[in-house]
Amino acid sequence: MESRVLLRTAAEEDLPHIARLDREVFGDAAYPFFVLRQLFDAGFTLVVVDDSEGICAYALALASEGRGWVLALAVGPGQRGTGLGRELMRETLCHLRSLRVREVLLTVELANASAIRLYRALGFTERGGATGHVRDYFGPGEDRLLMSLTL
């Protein structure tokens, strides 16, 4: 039997499932449920991948005054390497474009080679110098790679 995968805008009833996935993927760095709830209520872009077993991936983004930020991209361990992350990012970028975003920014952990490859394949480049490396972005010792894409 073929499984059905649906990319769609998140609904309120998806929030507990997104919070579960976020904890599964990001551990201690996951958004608390109340933050996800407030971001949802504030109108942030929240796109989910819903397969036959439930929410298996999500992306969270913000659009403001022509600039967008991808704040999170989470793909469950059982779905990695299947192309869902790429589809999810394309859908998220399409949504941001519809909101008249001209530039999209994101940060990624320096050690996350697969995410960096994905973002580069989608056209993102390092920002802020040749390396895009921003020291202490999330606090002491929390360096990130800053990337941008012009839409």
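**Figure 1. Overall size and make-up of the protein chain.** For 151 residues, a compact globule would have a radius of gyration near 15 Å, and the protein chain agrees with this, at 15 Å. The radius is taken over C-alpha atoms, and the globule rule is 2.2 Å times the number of residues to the power 0.38. This is a predicted model, in which local features need pLDDT of at least 70 and side-chain atom pairs count only at pLDDT 80 or more, while totals for chains, interfaces and linings use all residues. Residues are numbered from 1 along each chain as its sequence is written, and side-chain values use heavy atoms, with hydrogens and water left out. The C-alpha trace spans about 45 × 35 × 35 Å along its principal axes. The protein chain has 4 helices and 8 strands, in the order β-α-α-β-β-β-α-β-α-β-β-β from the N terminus. These elements are DSSP runs numbered from the N terminus: helices are H or I with at least four residues, strands are E with at least two.

Figure 2. The whole structure holds 1 aromatic pair. Tyr119 and Phe124 form this pair, edge-to-face, with 5.8 Å from centre to centre and 65° between the planes. Rings of Phe, Tyr and Trp (its six-membered ring) pair if their centres lie within 6.5 Å; planes under 30 degrees apart count as stacked, over 60 as edge-to-face and the rest as tilted. Both Tyr119 and Phe124 are buried. Buried means under 20% relative accessible area, exposed over 50%, and partly exposed in between, with a 1.4 Å probe and protein chains only. In the protein chain, 38% of the 151 residues count as buried.

Figure 3. Asp14 lies in the loop between strand S1 (6-9) and helix H1 (15-26). Is Asp14 buried or exposed? Asp14 counts as buried because its relative accessibility is 5%. Leaving aside residues up to four places away in sequence, Asp14 touches Arg8, Val48 and Ile55. A contact means heavy atoms within 4.5 Å.

**Figure 4. Close-up of Glu91.** Glu91 is part of helix H3 (residues 84-98). With a relative accessible area of 38%, Glu91 is partly exposed. Glu91 touches Leu7 and Val47, again not counting residues up to four places away in sequence. Arg67 is 24 residues from Glu91 in sequence and 17 Å from Glu91 in space, C-alpha to C-alpha.
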